[in-house]
Amino acid sequence: MNSPAKILAVDDEPEYLHALLKVLKLKKYCVDIESDPVNVLNLTEKKNYDIFLLDVNMPRLNGTALFEIIKNKFPDSPVIMISGESTIGTAVEMIKKGAYDFIEKPVEPERLYITIEKALEKSRIFEEMQNLRGKPSTIQKIIGESGVIKKLHTDIKQLAPTNAKVLITGESGTGKELVAAAIHYHSKRTHKPYITINCSAIPGELLESELFGHKKGSFTGATSDKKGKFLAADGGSIFLDEIGDMDPRLQAKMLRVLEENEIEVIGENKSVKVDVRIISATNKNLAEMVQEGTFREDLFHRLNTIQLRLPALRERKEDIITLAKYFLEKFSVEYKKDNLEFDIGAELLLCDYDYPGNVRELKNLIERVVIFADCRLITQIDVERAYGKNNFKAILDIAPDEHNLKNAKAEFEKIFIERALKKNEWNLQNTANELGLDRSNLFKKMKQFGLNK
Ligand SMILES: Nc1ncnc2c1ncn2[C@@H]1O[C@H](COP(=O)(O)OP(=O)(O)OP(=O)(O)O)[C@@H](O)[C@H]1O
Ligand SMILES: [Mg+2]
């Protein structure tokens, strides 16, 4: 931690608090003091203290109760308990509950400093480990500098700590999964399970048992008890991906979960309360599906407390280069190719495309660019080559009105060969090598398509 640690000290005796303040300021900590523990309840997450020092015996709100509240709200900040009349019992109990340490009054400055520094060190290591383990997704991993992405970041920060249900919409590859995970990992549920389930990948009946679990023998094939995802996610969040594909019978059951916060395990005739935040996503137009009668209107409104619409990449072209550079660096590390860079031609070409597959398509493209890169500077030709390697849309762009497969293939072949010839300055052998043809075959095709310099 480079900036001074931020500490909040809470004690009902003002003289003691001021003495403590003096001692802490000597070490250049940034300290706030509070003599009424009840005021601490109004603290917002924004305050972000690195450490809390709490007196145990306080009249309006006991330090042990305050400790519980702080632990819930700021699970990553160490709490050091301080008390005049400590008993070993209280100390052990508090440490068991997660307090970092317990110090007796009168506090000896050196002992206090050492305890604070050790606690800071531990939480720094913890933070590093968390980063190393890599939270699956955080706001910082949602790349983009366009207004919509900046707004998305602030929206996520604001809505994440609430329990509001969020429906994420957007075309395929716009980052819905990334955003769903970011919401969970920026919420108070971050240390609790985050479970994702793809509603389109699992057929209706199986999905019900996946979500709610079943008792052994409740249907043919239920050979043992199964714990459902809702129970597994208790206290955390569940991400229902492709919710538009959920079958109508299950939609009715989901509605009940959303209304009552309880589930019924298949084969068990009782309901169980669950505390799960629901985040859902779809690339379908649910409002239209409601009109058509294929998605329940009541469920739609329940899921849709907050809707985040992720724009297609072509609607925010200013993000293309930022994203491309981000993926270039990411894959350079992965494929051990140092300091790759786009030249201006490559950047122009990257921007001159609509990306129907959105960020996923751009990401895959850059991965191919990196794999095939043979020098540091990536040019237009490298990007073209990567497009060519897997770009079916290019074929449609070339022959948009052609319905006859043979003609379309011929048209594509002609353009593809001509491009390779130009790239190789009409050197037949080099072109043939690149295309994987033998020289005489290439020559035949050039004649067939009327290709010459
Ligand atoms: N803004 C972004 N910044 C960085 N990576 C992104 C961004 N948006 C999407 N991605 C990456 O693009 C890929 C596709 O994203 P994701 O799987 O979240 O899309 P999706 O909207 O869920 O698509 P689908 O509807 O097809 O499931 C992922 O690898 C994701 O990490
Ligand atoms: Mg997805």
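Which residue in β3 is the bridge partner of Val-10? In this predicted model, local features need pLDDT of at least 70 and side-chain atom pairs count only at pLDDT 80 or more, while totals for chains, interfaces and linings use all residues. Residues are numbered from 1 along each chain as its sequence is written, and chains are lettered from A and ligands numbered from 1 in the order in which they are written.

The partner of Val-10 is Leu-54. Strand β1 (residues 6-10) and strand β3 (residues 51-55) run parallel and are joined by four bridges. Strands (E, at least two residues) and helices (H or I, at least four) are DSSP runs, numbered from the N terminus. Two strands count as paired if DSSP finds at least two bridges between them.

The open sheet holds five strands in the order β2-β1-β3-β4-β5, with parallel pairing. Neighbouring strands are turned by 20 degrees against each other on average, direction ignored. Axes are lines fitted to C-alpha atoms, for helices over the stretch in contact; angles run from 0 to 180 degrees between N-to-C directions. Helix α1 (residues 14-26) packs on the sheet and touches β1 and β2. The direction of α1 makes about 175 degrees with that of β2.

The protein chain is divided into domain 1 (6-133), domain 2 (139-311) and domain 3 (314-449). These bounds come from an automatic or database domain assignment. Twelve residues of domain 2 contact twelve of domain 3; contact requires C-beta atoms, placed from the backbone, within 7 Å. The centres of these two domains, taken over C-alpha atoms, are separated by 38 Å.

Key
Two residues are in contact if their C-beta atoms, placed from the backbone, lie within 7 Å.
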